[in-house]
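Good morning, and thank you for the time. Please bring up the sequence and the model.

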Amino acid sequence: MHTFGVEVKCSQLFLIEDISEIENCFNVKEPRLILGGGSNILFVRDFEGTVIRLDFKGIEKIEDNGTSVLLKVAAGVDWEELTNLALRYEYYGIENLAGIPGRVGSSPIQNIGAYGVEVKDVIEKVEGFYIDSGKPFTFACADCAFDYRSSIFKTELHEKCLITYVYFRLSRIPKFTLSYQGLKEELAHRELPTTLKNVTDIILKLRNSKLPNIREIGSAGSFFKNPIIEKKQLEVLQAKFPTLIHYPWHENKVKLAAAQLIDLCGWKGYRSGDAGVYPQQALVIVNYGNASGKEIQELYQEIQYSVKERFEIEIEPEVIIIKSK
Ligand SMILES: Cc1cc2nc3c(=O)[nH]c(=O)nc-3n(C[C@H](O)[C@H](O)[C@H](O)COP(=O)(O)OP(=O)(O)OC[C@H]3O[C@@H](n4cnc5c(N)ncnc54)[C@H](O)[C@@H]3O)c2cc1C
């Protein structure tokens with residue numbers, strides 16, 4: 001039920017296959033964990049508590065005004081099913097997010113993003129229930145506190161709410177985000193017209209060249225977030241490391257590429273037993289077979305330590321780490 005491929009157990013598992021069963025979750029005591037496709041989680045140990053998985057499916061077109069559609073999508077729908085549907089019906093807006101594993105219910109949690117697009121750009125609202133009170137909620141996009149790989153659901157409401165439906169506003173009119181250099185270059189290089197099918201195909205090709213296939217190698221994708229630092233600190237670092245990649249951020253800050261920092265510390269392609277750093281992408285920690293959660297933890301902590309020592313920068317996991325009590 002998760003993609004890191006480490007052997008773990010939980011004490012109790014609730015599979016909710018129909019929305020009418022949702023109230024069974026309201027009195028579940030802590031420790032509890034809501035699980036989607038398990039593609040952004042590392043279990044360091046067995047989970048001594050209840051795992052809840054919302055398995056109900058369904059995609060409903062709520063509105064079609066000729067220029068856009070509003071889709072109501074159930075938490076248990078695979079993200080891939082939604083991007084495939086968008087491709088089939090020519091709905092624009094999530095093509096750059098094609099190929100991200102996981103479920104629709106988890107997509108707002110860390111505001112999934114790739115190749116210049118974040119899911120917040122197409123979310124109209126999020127519906128669910130507070131677990132302890134059983135009260136329903138509806139958050140408009142503006143109230144979800146979406147940020148870089150974050151939202152209110154990953155911070156204030158972490159493990160406090162169940163997301164049941166996400167509403168997406170997708171365009172019926174061709175509208176592309178081609179800010180990612182590799183994407184533009186590939187379209188030009190292959191002399192392809194900018195169509196939904198071509199953009200999706202290139203995104204999938206780019207992803208496959210850099211990321212492991214989760215059916216073959218255990219991972220949770222990018223393990224760390226890209227660090228955001230003050231411009232002043234960048235200037236100091238550049239004197240020593242002039243090749244540092246950086247992108248503008250708000251308020252005198254810049255975003256660095258965690259992959260480059262990890263690579264400069266010599267971790268790319270490193271392997272200890274079955275835990276390793278993916279040779280094609282230094283940001284991805286992998287389980288080649290029988291690594292334990294603890295071994296993966298030891299590796300990611302060593303990486304954090306060496307980046308801190310070399311650059312004075314703390315890199316934070318993007319992945320949710322489950323260290324049960
Ligand atoms: C190979 C690979 C590539 C990846 N590439 C990207 C990428 O390009 N961009 C990106 O942003 N991410 C990427 N990821 C990370 C991951 O796919 C996403 O974060 C995805 O949204 C996780 O979905 P999931 O259903 O697997 O969530 P899970 O890992 O099961 O859960 C993630 C979090 O969401 C919570 N949660 C899940 N469902 C619900 C719900 N219904 N209600 C409340 N809380 C819930 C969980 O408690 C947990 O805190 C990648 C992962 C892999 C393995």
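A polar contact here is a pair of N or O atoms within 3.5 Å; within protein, one must be able to donate a hydrogen and the other to accept it, and residues adjacent in sequence count only if both atoms are side-chain atoms. This is a predicted model, in which local features need pLDDT of at least 70 and side-chain atom pairs count only at pLDDT 80 or more, while totals for chains, interfaces and linings use all residues. Residues are numbered from 1 along each chain as its sequence is written, and side-chain values use heavy atoms, with hydrogens and water left out.

Which polar backbone atom lies 2.5 Å from an oxygen atom of the ligand? That atom belongs to isoleucine 34. Another such distance, 3.0 Å, separates a ligand oxygen atom from an N or O atom in the side chain of glutamate 159. Arginine 207 places a polar side-chain atom 2.7 Å from a ligand nitrogen atom. Of the ligand's 980 Å² of accessible area on its own, the protein covers 95% (Shrake-Rupley method, 1.4 Å probe; for residues, only the protein chains shown count as cover).

I turn now to the strands, which are DSSP runs (E, at least two residues) numbered from the N terminus. Strand β9, residues 123–130, runs antiparallel to β10 and is joined to β10 by 5 bridges; strands pair if DSSP finds at least two bridges between them. Glycine 128 stands opposite phenylalanine 137 of β10. The two strands, β9 and β10, form a hairpin with 5 residues between them, and glycine 134 in the turn has a positive phi of about 75°.

Note on methods:
Helix = DSSP H or I, 4+ residues; strand = E, 2+ residues; numbered from the N terminus.
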